[in-house]
Amino acid sequence: MTHPYFVDAPYPRVLAHRGLTVDEAIAENSYASVAAAKRAGATYVESDCHLTRDGEVVLFHDADLRRVTGDPRRVVDVELSELTDLMADRGGLITLRTALEDFPTVRFNLDVKAPGAADAVGMLVAGHGERVLLTSFADTRRRAAVASAARHAPTGAVAPATSAGRETIARLLWGLVARSPRLVASSLAGVDALQVPERQGPVRVVTPRLLEAAHRHGVEVHVWTVNDPADMSRLVGMGVDGIVTDRVDVALTTLGPAPGHP
């Protein structure tokens, strides 16, 4: 059964990678970048979750602040108020709580970056499962966040969608090479999407065989991070279900506008 995260939504999926930042003064994963993605017509926004020193989940990619703010400290060592001040002239800090409350029509694709953030992320998204997909490179972290969402969910709430971590994807690729239907099926069980690069070094990840196997098990395939319009069209022509891109505005024009956005 298709997860509600994908129901009544534009296809192919276009996921705004860390929002939309065409203005150099605006940082990725900032409040302004999420707002810009929504204005551009994005249904899906991909973002990342870290935990501040005082326990607030913030949308931030790196473990430290150096690249975005010039501050060398780690996110986990900074209080929310300090990080708010540091991001004030970079588009504004956005917490996961605020993202869910201020952008109620946006569907969030959340990568749990910090091990300590899994429980807090699950608790915050527990009542929003129909519009949240949880993922992480670490399958243990992904599963912890999904389990937390289940523990904190109100009665009758939908569990978040989820996409596979590195270990699961590696197991799937080995199953495809070994032509093991059992290993492929077990790898794809319990996930709603594979979110992968087209290639990993010399290894081609996105192949007709992977696409066929995923679709046979009701799993979507999303490719990151694709910014060239020709590559977007080529991948969708292969059968890819979604494109994760820094230029959601370009992708929506290339692949077709979302409903209500001519």
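1. Let's start with A147: this residue is partly exposed, with a relative accessible area of 33%. For the cut-offs, buried means under 20% relative accessible area, exposed means over 50%, and partly exposed is in between (1.4 Å probe, protein chains only). A147 sits in helix α6, residues 139-152. Its C-alpha atom and that of A161, 14 residues apart along the chain, are separated by 12 Å.

2. A quick word on what you're looking at: this is a predicted model, where local features need pLDDT of at least 70 and side-chain atom pairs count only at pLDDT 80 or more, while totals for chains, interfaces and linings use all residues. Residues are numbered from 1 along each chain as its sequence is written, and side-chain values use heavy atoms, with hydrogens and water left out. Helices (H or I, at least four residues) and strands (E, at least two) are DSSP runs, numbered from the N terminus.

3. Now find strand β1, residues 13-17. Is β1 mostly covered or uncovered? Mostly covered, as 5 of its 5 residues are buried. R13, L15 and H17 point one way, V14 and A16 the other.

4. β1 has partners, and two strands pair if DSSP finds at least two bridges between them. With β2, β1 pairs in the parallel sense over 3 bridges. Here L15 stands opposite Y44, and H17 has E46 as its bridge partner. β1 also runs parallel to strand β11 (residues 242-245), joined by 4 bridges, with V14 opposite I243.

5. β2 (residues 44-51) is largely enclosed by the rest of the structure, because 8 of its 8 residues are buried. Both faces are covered: Y44, E46, D48 and H50 lie on one side, and V45, S47, C49 and L51 on the other.

6. Last, look at helices α10 (residues 229-238) and α11 (residues 248-255), whose axes come within 10 Å and cross at roughly 50 degrees. Axes are lines fitted to C-alpha atoms, for helices over the stretch in contact, and angles run from 0 to 180 degrees between N-to-C directions. The two are therefore oblique to each other (under 35 degrees is roughly parallel, over 145 roughly antiparallel, 65 to 115 roughly perpendicular, and the rest oblique).
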